[in-house]
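Please open the model in a viewer and display the backbone together with the side chains.

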Amino acid sequence: MHIAATASTASARHGAPTSGPSRSLDPESWHARRVPLLRDPRTLIKRLYDLHRPGARTAVVAVLDRSERPVASASFGFGEGRTDGWRCRNLILANLRLIVPDDLRRTTPTHTTVLAIHREGTREWEADDGRWMWGLHDACVLHGLRCGAFAIVAQDGWRVIADVRSGRTPALAAGRGGGPGGSGPIRAAGIAPARPATELPQVRYLPETGPTPLVRPSAS
């Protein structure tokens, strides 16, 4: 409870509207937060899709540097049924803490976080997407990162909310089951976390080209 209040207070100090008791955002309120647009959303979404091979009901969270290069990413399943803003926030935050150190000591964030939700059906915005959007913004506040774009990848293609750009590929493969790649969570190594080496494997920046080093922890 205290964490959510802290994040909401921090958002208000930065001039962002609060989400209200529903812990959800609509496209209009998302646009009002001046979330930075991606320069090349299709290339980024395709790279993350190729890396994580997500199934239905899977989220991919990625952290970008100043040049929009993904330096770390993680994919995780979120199951069926209606989502809740706090649960979305906690899932995103837990994965961010595994792949990147926070920027809370910096006056200005140096990294931007983007989120892509993969689901069955169409790429049109739905109420559950609003809870993921609230969760993304709140998680970024709590981890000291800049909140970036929110994308939907469905069976008819992809779409970035509050942006005019969309495309037919990548698209969620028909009949693909839930869970990242069908083999448990995948975390792509990025900036070395500020944690003892015994807790997490050593990580590196993702290469701009070529094979990508992966960390595949046991599902938990």
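Select R53, which is partly exposed because its relative accessible area is 35% (buried means under 20% relative accessible area, exposed over 50%, partly exposed in between, with a 1.4 Å probe and protein chains only). R53 is found in the loop between α3 and β1 (58-64), and although R53 is not a glycine, its phi is positive, at about 45 degrees. Helices (H or I, at least four residues) and strands (E, at least two) are DSSP runs, numbered from the N terminus.

This is a predicted model, in which local features need pLDDT of at least 70 and side-chain atom pairs count only at pLDDT 80 or more, while totals for chains, interfaces and linings use all residues. Residues are numbered from 1 along each chain as its sequence is written, and side-chain values use heavy atoms, with hydrogens and water left out.

Next, select R34, in the loop between α2 (27-32) and α3. R34 is not a glycine either, yet has a positive phi of about 55 degrees. With a relative accessible area of 73%, R34 is exposed.

Y49 counts as buried because its relative accessibility is 5%. Its side chain reaches the backbone oxygen of A171 at 3.1 Å.

Now select T169 and P170, whose connecting peptide bond is cis, with omega near 0 degrees. P170 lies in the loop between β6 (166-167) and β7 (186-188).

For the helix pair, select α4 (residues 85-99) and α5 (residues 127-143), whose axes come within 7 Å and cross at roughly 45 degrees (axes are lines fitted to C-alpha atoms, for helices over the stretch in contact, and angles run from 0 to 180 degrees between N-to-C directions). That makes α4 oblique to α5, since angles under 35 degrees count as roughly parallel, over 145 as roughly antiparallel, 65 to 115 as roughly perpendicular and the rest as oblique. Among the α4 residues that meet α5 are W86, L93 and R97, and the α5 side includes W132, W134 and D138 (contact means heavy atoms within 4.5 Å).

Finally, show the whole chain, which has five helices and eight strands. Buried residues make up 48% of its 220 residues.

Terms used: A polar contact is a pair of N or O atoms within 3.5 Å; within protein, one must be able to donate a hydrogen and the other to accept it, and residues adjacent in sequence count only if both atoms are side-chain atoms.
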